Amino acid sequence: QVQLVESGGGLVQAGGSLRLSCAASGLTFSSYAMAWFRLRPGKERDFVAAIASSGGSTNYGDSVKGRFLISRDNAKNTVYLEMNTLRVEDTAVYYCAARLGSFGEWRYWGQGTQITVSS
């Protein structure tokens with residue numbers, strides 16, 4: 001079965017950096033677009049970033065543009081989220097997701113990893 005396992009979460013001070021990883025198994029990773037979403041306390045789920053199956057294109061949510069970087073290593077079946085200049089409002093559970101193709105629902109989801117940014 002398909003599994004997406006996030007890691008790299010934790011506690012960091014505002015202005016700091018973290019890198020999240022999402023290891024995928026049970027699917028042909030190089031055929032799937034990958035994305036990161038987050039769920040902040042008291043808010044609806046946010047789109048954070050996405051990357052095409054080839055890694056050739058990316059897009060970002062407005063609140064993280066210029067601060068976060070999504071990348072992938074298809075040889076390692078892993079997608080990454082480099083988070084820089086973290087803000088208190090970035091505190092959330094971060095989820096990775098996968099889908100075939102460029103459109104449609106995100107079919108597979110990880111269990112999430114908590115990021116807490118302290119002031």
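In the predicted model, the two cysteines C22 and C96 are both buried, and they are joined to each other by a disulfide whose sulfur atoms are placed 2.0 Å apart. The structure holds 1 disulfide, and the link of C22 and C96 is right-handed, with a value of 45° about the S-S bond. Because C22 belongs to strand β3, which covers residues 18-25, and C96 belongs to strand β9, which covers residues 92-100, the pair ties together parts of the structure that are 74 residues apart in sequence. A disulfide is a covalent bond between the sulfur atoms of two cysteines.

Strand β3 also contains S21. With a relative accessibility of 17%, S21 counts as buried, since the cut-off for a buried residue is set at under 20% relative accessible area. When neighbours within four places in sequence are left aside, the residues in contact with S21 are V5, E6 and S7, together with W36 and with T78, V79 and Y80.

Charged side chains were examined next. Side chains of opposite charge can pair when their charged atoms come close. A search of the whole structure finds 5 salt bridges. Among them is the pairing of R38 with D46, in which the closest N and O atoms are 3.5 Å apart, and both R38 and D46 are buried. The side chain of D46 also meets that of R40 in a salt bridge, for which the N to O distance is 2.6 Å; R40, like D46, is buried. Salt bridges that share partners join these residues into one network, whose members are R38, R40, D46, R67 and D90.

How values were computed:
Residues are numbered from 1 along each chain as its sequence is written. This is a predicted model: local features need pLDDT of at least 70, side-chain atom pairs count only at pLDDT 80 or more; totals for chains, interfaces and linings use all residues. Side-chain values use heavy atoms; hydrogens and water are left out. A disulfide is a pair of cysteine sulfur atoms within 2.5 Å. Helices (H or I, at least four residues) and strands (E, at least two) are DSSP runs, numbered from the N terminus. Buried means under 20% relative accessible area, exposed over 50%, partly exposed in between (1.4 Å probe, protein chains only). A salt bridge is a side-chain nitrogen of Lys or Arg within 4 Å of a carboxyl oxygen of Asp or Glu. Contact means heavy atoms within 4.5 Å.
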